[in-house]
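Colleague: Could you show me how to read a helix and the core around it? I'd like the general idea, then the case at hand.

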Amino acid sequence: MHEMTVAEEVLASVAREVRRNGARKAISITLCRGRYGCVNPASLTFCIGAIAEDTVLDGAEVKFRELEPGVLCPNCGPVAAVSEDAVAVCPHCAGPAEALTGTELFLEMVELDVEEDCPPGEA
Amino acid sequence: MSKKIVLREKLSAKNEAVAAELGVAFRQLGLFVVDLIGSPGAGKTRLLEAMAPRLRGHAAVIEGDIQTDRDTRRIEKAGLPACQINTQGACHLDAAMVRDAAATLTLDGLRYLFIENVGNLVCPAGFALGEHMKVAVVSVTEGDDKPAKYPAAIRRSAAMVLTKTDLLPHVDCDVARMEREAKEINPELAVFQVSAGTGAGIGPWMDWLDAMAARS
């Protein structure tokens, strides 16, 4: 995956949410990735930093959450994967299983800096 | 004051949107589209050359490379219409590049469109091109650990074609291990062993493709 293109998409999505919520800028963003994804987190963070200057992402913290790798076994149900390798085998019964997570990449959460509302009763 | 917005918004939606539209356009033309992915030198072009006699009149090819049109010229010499994408440094094709290239080809009346991706077993796995299937082309000279080391390519492929089998007596390659490890990553993977040089295995591979195309 190409980190600069992804960084541009992140900026576009965050800018949209800033506009929608009348915010000043983003304080932090949380990206979720599957363990077998094609995007390198350090490279993506670098690219976001490179394009963030003078945008709503300027100074925002970039957080990553790695999705727990798991498989869906027809016998055992959803099972957390234990192996480092990307195998589609159930770690409980060794039968064939379908990978539940792996190559996902999504923008999970944006934390925005919004104006304080005036408390009721004050001018 | 801070406000948290939960999105769960998939990234790289742009390429997927272009690929989805392109896929619809290809299906409307009755085309079965295959994206061939594999390392530089795995034998992707050579495989297409070996398939060309049976594909003549029924297929076109889009060639992807960083530089040169050598592969396009080879495919045309083999008797199939082809066009070249030079990626200006990108290490994989994307849907927009394929859309623009497809527009230069006459696709009416054809059954197959093969896309030969840039030689790379990493990035192409992550980019949809509007294809029906990706096929991983892996040669027996690259080391039998490659399926395990490149799981995304194996997972995203419907088939793995093991090429250069005529060289097996000269290399240390356990093809059974390659197939087993690939199927641990992708149990649905169809595996073929071929030699473009001798023609071995090309028939069954193409029969399978015809069956897949008929089902689509």
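Modeller: Gladly, and keep in mind that this model is predicted. Let's start with burial: in H8(B), the buried residues are Ile202(B), Trp205(B), Met206(B), Trp208(B), Leu209(B), Met212(B) and Ala213(B). Viewed down the axis of H8(B), they fall within an arc of 155 degrees, so they line one face of the helix. Ala214(B) and Arg215(B), on the other side, are exposed.

Colleague: What covers the buried residues of H8(B)?

Modeller: The cover includes the strands S2, S5, S6, S7 and S8 of chain B, along with helix H2 of that chain.

Colleague: Why does the length of helix H8 of chain B agree with what it should span?

Modeller: At 1.5 Å a residue, its 14 residues should span 20 Å, and the end C-alpha atoms are 20 Å apart, which agrees.

Colleague: And how should I think about cores?

Modeller: In soluble globular proteins, nonpolar side chains tend to be buried together. Here the largest nonpolar core has 32 residues, of which Met51(B), Phe114(B), Trp205(B), Trp208(B) and Leu209(B) touch the most other members. H8(B) supplies the largest share of this core, 7 residues.

Colleague: Which residues does Leu209(B) touch, leaving out those up to four places away in sequence?

Modeller: Phe32(B), Val34(B), Met51(B), Tyr112(B), Phe114(B) and Met133(B). Another core, of 27 residues, lies apart from the largest one, and includes Ala23(A), Ile29(A), Val39(A) and Leu105(A).

Colleague: What do the buried residues of H1(A) pack against?

Modeller: They pack against S1, H2 and S6 of chain A, together with S1 and H1 of chain B. After H1(A) comes Gly22(A), with a positive phi near 60 degrees.

Technical notes:
Residues are numbered from 1 along each chain as its sequence is written. Chains are lettered from A and ligands numbered from 1 in the order in which they are written. This is a predicted model: local features need pLDDT of at least 70, side-chain atom pairs count only at pLDDT 80 or more; totals for chains, interfaces and linings use all residues. Side-chain values use heavy atoms; hydrogens and water are left out. Helices (H or I, at least four residues) and strands (E, at least two) are DSSP runs, numbered from the N terminus. The expected span of a helix is 1.5 Å times one less than its number of residues. Buried means under 20% relative accessible area, exposed over 50%, partly exposed in between (1.4 Å probe, protein chains only). The arc is that of the directions from the helix axis to the C-beta atoms. Contact means heavy atoms within 4.5 Å. A nonpolar core is a set of buried Ala, Val, Leu, Ile, Met, Phe, Trp, Tyr and Cys residues joined through side-chain atoms within 4.5 Å.
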